[in-house]
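Please keep the sequence and the structure in view while reading.

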Amino acid sequence: MGCCNRRCGLIAGAVVGAVVAILGGILIPVGKIIIEGTVEKEAVIEPGTTAYDNWVSAGAAVYRQFWLFDLKNPLEVLHYGAVPVVVEKGPYTYRTRYLPKENITFHSNNTVAFLLPMGAIFEPLMSVGSEEDNITSLNLAVAGAYALVPKLLHSVLENLIKSTNSSLFQRRTVKEMLWGYSDPILKETVGLFSPYNGTYDGYYNVFNGKDDISKVSKIERWRGETKLPFWEDEYCDMINGTDASSFPPFVDKTKPLYLFSSDICRSVSASYEATVNLKGIDVYRFSLLPSTLASPVDNPDNKCFCKNLETSKNCTMAGVLDIGSCQDGRPIFISLPHFLHGSPHLREDVLGLNPDEEHHKTFFDVEPLTGFTLHFAKRIQVNMMYGPSNVITVLKKVKDYTLFPLVWLNETAMLDDETAQMFQDEIISNVNLLEIIQKVLLGVGVGIFVVCLVSYCVVRKRCNQSKFV
């Protein structure tokens with residue numbers, strides 16, 4: 001009778017262990033469904049959700065750091081055709097993206113439209129000097145007019161340059177170069193980012209994710225159009241992905257993330273680089289590949305971005321993007337800072353540049369469950385091109401087309417400690433707790449089942465042996 005009771009008890013224990021293990025196993029898909037359901041609900045862009053609160057205005061402070069290139073040998077370049085030598089000066093830091101989105105309008109096709117107001121506030125404590133610091137740089141009007149004015153009219157441009165006592169290079173303050181100054185040639189305000197304060201980017205139309213969470217934040221229209229008007233090509237004119245402030249949840253690191261940047265007038269993709277820990281949160285780091293700005297020789301997809309065979313050396317120049325088509329024809333070229341991943345001749349035509357992958361690449365740290373971008377560094381360089389002329393005096397010593405670096409910027413933001421703690425408490429901790437419960441139930445259940453099963457076999461063997469004694 002004792003053997004029977006012990007065996008029955010062990011069988012019951014094994015059954016209980018199996019049930020506990022099964023419960024732990026069931027919690028894995030059930031827990032996943034619960035978590036995904038919560039994330040999907042909170043990721044929708046509509047009033048009352050976590051995503052909406054962070055979407056209306058940036059949850060973290062966004063800064064733009066500027067490094068301007070100071071020309072050290074302007075007279076040698078002008079009079080003897082010497083190679084320009086530059087030294088970067090910065091950072092000069094401004095707070096941006098501090099204004100909430102405006103004219104937010106929800107549409108029946110599950111999109112939401114908005115305008116993104118632009119503004120910049122100087123942060124002296126985060127800067128190397130004052131906005132009134134002086135630098136020697138390219139004369140924006142001279143370089144712009146050289147490209148826009150037909151060669152037959154270069155004599156007119158020569159007279160304008162002489163009559164205004166202008167030259168190929170100029171001495172300006174940081175504030176003037178960035179935000180504008182009254183130019184004597186054009187008789188209007190000229191600046192690298194002029195006008196900026198008080199202007200808007202957009203309209204944007206993005207999917208709110210209510211009917212399909214895999215489309216949330218993806219741009220449906222920009223300035224009322226579903227494609228760009230700049231490149232005259234179906235591929236290059238595509239508007240892909242989000243604005244990079246967030247992506248659809250449940251990010252798959254094996255697939256690229258797509259984003260559109262109005263700063264460079266095109267869409268690009270970013271690929272998974274590594275998993276990094278950001279203030280206790282595991283995030284996927286995505287970065288731009290070197291192929292993004294590769295020449296069409298190495299990346300045929302970029303063929304439609306090559307607009308000028310002469311200045312691009314028959315479309316063989318790598319590392320730069322001619323955005324003149326979206327800048328009213330002005331000779332503006334975008335690159336990574338210090339011509340990172342650019343053709344070697346770019347750093348030979350202008351000396352003093354030292355590209356560094358770690359400091360000059362663009363990356364986004366994305367929390368994979370929610371798709372929220374928790375840290376990013378968008379780094380681009382603005383360049384202008386000038387070339388030789390037999391008519392314009394200040395260009396007579398120029399031997400070939402030269403891409404002159406004006407400024408590089410790092411637009412960056414990182415979630416603060418308070419937000420990181422809240423993120424951990426409300427999302428990460430709940431996920432981790434559920435995983436712990438799953439593992440404990442599964443482990444304890446399997447353990448009880450195995451111990452009871454082994455004990456049952458031992459007891460049964462002993463009881464069988466005792467019958468023959």
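## Salt bridges

A search of the whole structure finds 17 salt bridges, where a salt bridge is a side-chain nitrogen of Lys or Arg within 4 Å of a carboxyl oxygen of Asp or Glu. The structure is a predicted model, in which local features need a pLDDT of at least 70 and side-chain atom pairs count only at pLDDT 80 or more, while totals for chains, interfaces and linings use all residues. Residues are numbered from 1 along each chain as its sequence is written, and side-chain values use heavy atoms, with hydrogens and water left out.

One of the salt bridges joins E273 to K361, with an N to O distance of 2.6 Å. Because E273 lies in strand β13 and K361 in the loop between α8 (357–360) and β17 (363–366), this pair ties together parts that are 88 residues apart in sequence; helices (H or I, at least four residues) and strands (E, at least two) are DSSP runs, numbered from the N terminus. E273 counts as partly exposed at 35% relative accessibility, whereas K361, at 6%, counts as buried. Here buried means under 20% relative accessible area, exposed means over 50%, and partly exposed is in between, with a 1.4 Å probe and protein chains only.

R172 also forms a salt bridge, with E176, and their closest N and O atoms are 3.8 Å apart; R172 is buried, with a relative accessible area of 17%, while E176 is partly exposed at 25%. In the salt bridge between the side chains of D328 and R330, the N to O distance is 4.0 Å. A network of salt bridges links R64, R97, D263, K378 and E411.

## Disulfides

The structure holds three disulfides, a disulfide being a pair of cysteine sulfur atoms within 2.5 Å. In one of them, C236 and C304 have their sulfur atoms 1.8 Å apart, and the torsion about the S-S bond is about 75°, so this disulfide is right-handed. The pair links distant parts of the chain, 68 residues apart, with C236 in the loop between β11 (219–222) and β12 (257–261) and C304 in the loop between β14 (281–288) and β15 (320–322). C236 counts as buried at 2% relative accessibility, and C304 is buried with a relative accessible area of 14%.

Another disulfide joins C265 to C326, with an S to S distance of 2.0 Å, and it is right-handed because the torsion about the S-S bond is about 75°. Since C265 lies in the loop between β12 and β13 (266–278) and C326 in the loop between β15 and β16 (332–335), this pair ties together parts that are 61 residues apart in sequence. C265 and C326 are buried. The disulfide of C306 and C315, with sulfur atoms 2.0 Å apart, has a torsion of about -90° about its S-S bond, so it is left-handed; both of these cysteines, C306 and C315, are buried.

## A nonpolar surface patch

L152, L153, V156 and L160 make a nonpolar surface patch of about 400 Å². Patches are made of residues with over 30% relative accessible area and no salt bridge, joining like charges within 9 Å and nonpolar side chains (Val, Leu, Ile, Met, Phe, Trp, Tyr) within 5 Å.

## The chain as a whole and its confidence

The chain has nine helices and 19 strands, and 49% of its 469 residues count as buried. Its accessible surface comes to about 22,900 Å², of which 57% belongs to carbon and sulfur atoms; accessible areas come from the Shrake-Rupley method with a 1.4 Å probe, and for residues only the protein chains shown count as cover. Of the contacts with a separation of 6 or more, 65% are accounted for by residues 24 or more positions apart, contact meaning heavy atoms within 4.5 Å.

The pLDDT, which is the predictor's confidence in each residue from 0 to 100, averages 88 over the chain, and 83% of the residues score at least 70. Over residues 13–21 the pLDDT is below 50, and this stretch has 17 contacts in the model beyond near neighbours in sequence. Where pLDDT is low, the predicted coordinates should not be read in detail.
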